[in-house]
Amino acid sequence: MPELPEVQAHAERLTESFAGDALKRFVPITFTALKTAVPAPDAAYGTPLDDVGRRGKYLLLEFGPTTFVVHLMQGGRLLVDEKQSAKPRGGQARFLFADGRALLLTEAGTERRAGVWCVQTEGRLDAPPLDHLGPEADTIDAATLTVRFAEFPMRLHGFLRDQRAIAGIGRRLANEICHRARLSPFANTGKLGAEGAEAVLAAMRDAIAEGLAYERTRPDMSSSADRPGSVHKRTGEPCPVCGDAIREVAYSSYTVSYCPTCQTGGKVLADNTTSKFLK
Ligand SMILES: [Zn+2]
């Protein structure tokens, strides 16, 4: 799944190539692509694109008073549509521009969870689907993170992935941030306090900056295997910091990857709370 660095760099690329171009038409290709009824997309027709912004893992295509909020979910992409074919593979929706170009939202697989919300630009952060999001992971400060930890007492890995607690981080960065912070992914955020928040904040900023720097060198969004990192999907490989073998705890929809020496005092993690029910 694209996370904050991938979505941010993509927003910058889209702004660079499409800002100033007016929207001609928005065409949903599947029934589920457009998640809203009011305002209608035609409110934005004829209006130039101001820019493409980002909130959490959402792209915000701003056409004056109207914003299209796009969530790529797991396998979604919003790409320049060279062919503009009638039935594009995985096609969800299309933005047609006045100069003849188009952007196509596609989603790989059959989940059909990617989507577009058409909302009023004014107050857009306080309306669905953005209203539930926590502070941005790249700009939150230590004091706010300390408060969020107390408000959302849970495992650190789960906290980082929970968009209500903090926005923009996913499965991959959660692993990398815990490793950089030298904290167990199972550490309880309710007990981390201000010192823990400082460590997580520094790790988060570094991991995001590294991802963003890499992503900005690319012509398009990377696939997850290409992204820089030390532990995610590297089970059995040596930790680049200490040489210990990277270990994992696998769940049905994600994998916790960590280095025992760097993060758990050598302890091997087993999930006593859920693993026996999932198997
Ligand atoms: Zn290590």
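Predicted model: local features only at pLDDT ≥ 70, side-chain atom pairs only at ≥ 80, totals over all residues.
Colleague: Which residues do ring pairs link into a cluster?

Modeller: Phe18, Phe26, Phe63, Phe68, Phe95 and Phe97. Rings of Phe, Tyr and Trp (its six-membered ring) pair if their centres lie within 6.5 Å; planes under 30 degrees apart are stacked, over 60 edge-to-face and the rest tilted. Residues are numbered from 1 along each chain as its sequence is written, and side-chain values use heavy atoms, with hydrogens and water left out.

Colleague: OK. How many aromatic pairs does a search of the whole structure find?

Modeller: Ten. In one of them, phenylalanine 63 and phenylalanine 68 have ring centres 5.7 Å apart and planes at 90 degrees, so that pair is edge-to-face. Phenylalanine 152 and phenylalanine 159 are also an edge-to-face pair, with 6.4 Å centre to centre and 75 degrees between the planes.

Colleague: Are phenylalanine 63 and phenylalanine 68 buried or exposed?

Modeller: Both are buried. Buried means under 20% relative accessible area, exposed over 50%, and partly exposed in between, using a 1.4 Å probe and protein chains only. Phenylalanine 152 counts as buried because its relative accessibility is 18%, and phenylalanine 159 is buried at 0%.

Colleague: New topic: which residues have the most contacts inside the largest nonpolar core?

Modeller: Leu145, Leu160, Ile169, Ile177 and Met204, in a core of 28 residues. A nonpolar core here is a set of buried Ala, Val, Leu, Ile, Met, Phe, Trp, Tyr and Cys residues joined through side-chain atoms within 4.5 Å. Two or more residues each come from α2 (142-151), α3 (156-161), α4 (171-180) and α5 (193-215), and α5 gives the most, with seven. Those labels are DSSP runs numbered from the N terminus: helices are H or I with at least four residues, strands are E with at least two.

Colleague: What is methionine 204 in contact with?

Modeller: Leaving aside neighbours within four places in sequence, methionine 204 is in contact (heavy atoms within 4.5 Å) with Ala137, Ile140, Leu145, Leu160, Ile166, Ile169 and Ile177. Apart from that core lies another one, of 25 residues, with Leu61, Phe63, Leu103 and Leu105 among them.

Colleague: Why is α4 described as largely enclosed?

Modeller: Because eight of its ten residues are buried. The buried residues of α4 pack against α1 (4-18), α3, α5, β10 (255-258) and α6. Just after α4, arginine 182 has a positive phi of about 55 degrees.

Colleague: And the zinc ion, which residues are its protein donors?

Modeller: Cys239, Cys242, Cys259 and Cys262, each through SG, at 2.2 to 2.4 Å. Donors are N, O and S atoms within 2.8 Å of the metal (3.2 Å for Na, K and Ca), and sites may look incomplete since water is not among the atoms. The donor residues are spaced C-x2-C-x16-C-x2-C in sequence. Cysteine 239 sits in the loop between α5 and β9 (247-250), and cysteine 262 in helix α6 (residues 260-263), 23 residues apart. Cysteine 239 and cysteine 262 are both buried.

Colleague: Last one: where does histidine 232 lie?

Modeller: In the loop between α5 and β9. Histidine 232 counts as buried because its relative accessibility is 14%. Not counting residues up to four places away in sequence, histidine 232 touches Arg171, Arg172, Asn175, Glu176 and Ser257.
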